[in-house]
Amino acid sequence: MTYTTTHKTTVTTNTLRQHKKNQQRFSCISLYDAQTSAIAAQQDIETVLVGDSLGMTIQGHGSTLPVTMEHMVYHTAAVARGNNTSLLIADMPFMSYSTPEQAMANAALLVQAGAHMVKLEGGAWLQETITQLTERGIPVCAHLGLTPQSVNKFGGYKVQGRGDEQADIILQDAKRIEAAGADLLVLECVPRPLAKKITETLAIPTIGIGAGKHTDAQVLVVNDLIGLTEKPPKFSKNFLNEAGSIPAAFKAFDDQVKSGEFPDESHSFT
């Protein structure tokens with residue numbers, strides 16, 4: 001089966017920077033296959049993320065930690081085949097970027113599979129890696145706050161950045177990551193005021209998930225967006241309930257992100 005897309009604009013990092021400059025929100029969906037990827041393109045979703053969340057949503061694990069590079073390359077290639085217009089971000093899985101050299105080799109595999117950008121979890125310790133990747137033509141999306149690959153260190157899936165000291169650490173990490181050359185920053189499960197401050201401080205766009213409505217974009221996992229998750233997280237919403245079809249659910253998500261209707265306070269943390 002060949003998947004085709006209908007909208008004509010190819011989204012790039014420059015597109016997203018212009019959206020931030022113009023204060024235009026954009027949306028992102030984390031998905032894993034060609035079919036949902038094609039639907040995202042048809043509904044003009046600007047960015048798609050091949051998340052290592054597939055460890056839980058697809059493979060049935062309790063965390064993202066068992067996901068391998070082989071898994072990520074496979075799903076990145078599938079998503080790329082379904083969509084030639086959205087900017088495609090691919091997660092680098094657990095321990096695939098512990099050194100700059102390892103990150104270089106593994107990021108190349110994801111780009112060769114069809115990714116336009118790779119995503120790394122972590123703060124200031126990633127500065128050298130981010131610089132080396134971007135100098136070699138591989139755009140980077142950083143990820144701060146609740147970083148699921150650190151779940152054992154955090155002692156569970158907990159909101160990060162509460163309290164002045166922890167909030168300042170995340171803010172300083174964000175500044176260093178931007179200075180190192182990152183093009184995007186995901187903020188996961190951080191208090192709304194902190195996400196707002198980081199978004200206003202950085203020139204690069206921020207993508208929020210459980211970070212309130214003041215980020216430049218929002219991302220949801222497709223399973224949460226269409227109601228497949230048995231116990232959905234606080235920050236998610238089942239758009240299929242009100243939309244009636246998966247394409248309409250994607251469109252409703254995109255519309256509500258752009259209008260500022262989603263997320264509201266019930267999907268955020270203080």
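Because the model is predicted, local features need pLDDT of at least 70 and side-chain atom pairs count only at pLDDT 80 or more, whereas totals for chains, interfaces and linings use all residues. Residues are numbered from 1 along each chain as its sequence is written, and side-chain values use heavy atoms, with hydrogens and water left out.

Helix 9 spans residues 192–201, and R192, L194, A195, I198 and T199 in this helix are buried; helices (H or I, at least four residues) and strands (E, at least two) are DSSP runs numbered from the N terminus, while buried means under 20% relative accessible area, exposed over 50% and partly exposed in between, with a 1.4 Å probe and protein chains only. Viewed down the axis of helix 9, the buried residues fall within an arc of 165°, so they line one face of the helix, the arc being that of the directions from the helix axis to the C-beta atoms. P193 and E200, on the other side of helix 9, are exposed. The partners against which the buried residues of helix 9 pack are helix 1 (13–21), helix 8 (164–180), strand 6 (184–188) and strand 7 (206–209), where contact means heavy atoms within 4.5 Å.

Rings of Phe, Tyr and Trp (its six-membered ring) pair if their centres lie within 6.5 Å, with planes under 30 degrees apart counted as stacked, over 60 as edge-to-face and the rest as tilted. By this rule there are 4 aromatic pairs. One of them is the stacked pair of Y97 and W125, at 6.2 Å centre to centre and with 10° between the planes. This pair links distant parts of the chain, 28 residues apart, with Y97 in the loop between strand 3 (87–91) and helix 5 (100–113) and W125 in the loop between strand 4 (117–121) and helix 6 (127–135). Y97 counts as buried at 4% relative accessibility, whereas W125 is exposed, with a relative accessible area of 52%.

F239 and F262 form an edge-to-face pair, 5.3 Å centre to centre with 80° between the planes. F239 lies in the loop between helix 10 (222–225) and helix 11 (240–243) and F262 in the segment after helix 12 (246–259), so the pair ties together parts that are 23 residues apart in sequence. F239 is buried at 0% relative accessibility, and F262 is buried at 3%. Ring pairs also link F239, F253 and F262 into a cluster.

I138 is found in the loop between helix 6 and strand 5 (140–145) and is buried, with a relative accessible area of 11%. Leaving aside neighbours within four places in sequence, I138 is in contact with A107, A108, V111, V118 and L133.

On a 1 Å grid over the protein atoms alone, a cavity is a set of points where a 1.4 Å probe fits but cannot get out, and a pocket is an open set with protein on both sides within 12 Å along at least five of seven lines, lining residues having an atom within 4 Å of a point. The largest cavity holds about 40 Å³ of space, and its lining includes G208, L220, F235 and F262. The largest pocket has a volume of about 650 Å³, a volume being the space filled by probe spheres set on the points, which are joined across faces, edges and corners. Of the 31 residues that line this pocket, S53, M56, E188, V221 and F235 are the closest to its centre.
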